[in-house]
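Hello,

Here is the structure for you to look through. My notes on it follow below.

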Amino acid sequence: MNIYDRIKKDHDDAREVMDKIKETTARAEKTRLELFTKFKLDMWAHHKVEEAVFYSFLRDDTKMSKDSYEALNEHHVANGFLEELDTFPVTSEEWGVKFGALSELIEHHMDEEEKDFFPKARKLLSKEQADLMGKRFDARKKVVLAAIMPIDEDELKAA
Ligand SMILES: [Fe+2]
Ligand SMILES: [Fe+2]
């Protein structure tokens, strides 16, 4: 899978989870919390790996530099926002409102990557480079996600 398809796969998964979260009511506390925790960790890993694999290359291109820094700034804002959501009970009205704002920000960012960055990157990267980046993205994402998962409580109790 090349880098464009691999990133798009994560984006589509994120869109699906965001829709699911928005469909939950404040009464579905457990479901909401489970979905959000999964979403949060996945987004953090997505952003960091995307920066290391995709943006580290684009950033050095003079034509892409400014846009790339803007995109990195959006990652930064979204990551902090995800953290902030943890400070409100998922059942509160604030949480719902904040999640709505966060999902708009992320949606806008992902659309821009797909519509703006991908066509530009296609001009800079050979097919082979895009394939290699896709492979690296996939492998690194697995490692990062595993590293930031909360430790398994059952495993801990059994130790
Ligand atoms: Fe991004
Ligand atoms: Fe992305």
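Which protein donors does the iron ion (ligand 2) have? They are His11 (NE2), His46 (NE2), Glu50 (OE) and Glu113 (OE), lying 2.1 to 2.3 Å from the ion; donors are N, O and S atoms within 2.8 Å of the metal (3.2 Å for Na, K and Ca), and water is not among the atoms, so sites may look incomplete. The iron ion (ligand 1) is 3.1 Å from the iron ion (ligand 2), and Glu50 coordinates both. His46 and Glu113 are buried (under 20% relative accessible area; exposed is over 50%, partly exposed in between; 1.4 Å probe, protein chains only).

This is a predicted model, in which local features need pLDDT of at least 70 and side-chain atom pairs count only at pLDDT 80 or more, while totals for chains, interfaces and linings use all residues. Residues are numbered from 1 along each chain as its sequence is written, chains are lettered from A and ligands numbered from 1 in the order in which they are written, and side-chain values use heavy atoms, without hydrogens and water.

There are 18 salt bridges in the structure (a side-chain nitrogen of Lys or Arg within 4 Å of a carboxyl oxygen of Asp or Glu). In one of them, the closest N and O atoms of Arg15 and Asp111 are 2.9 Å apart. Arg15 is buried, at 17% relative accessible area, whereas Asp111 is partly exposed at 25%. Lys120 and Asp67 form a salt bridge at 3.2 Å, N to O. A network of salt bridges links Arg6, Asp10, Asp42, Asp138, Lys141 and Lys142.

Regards
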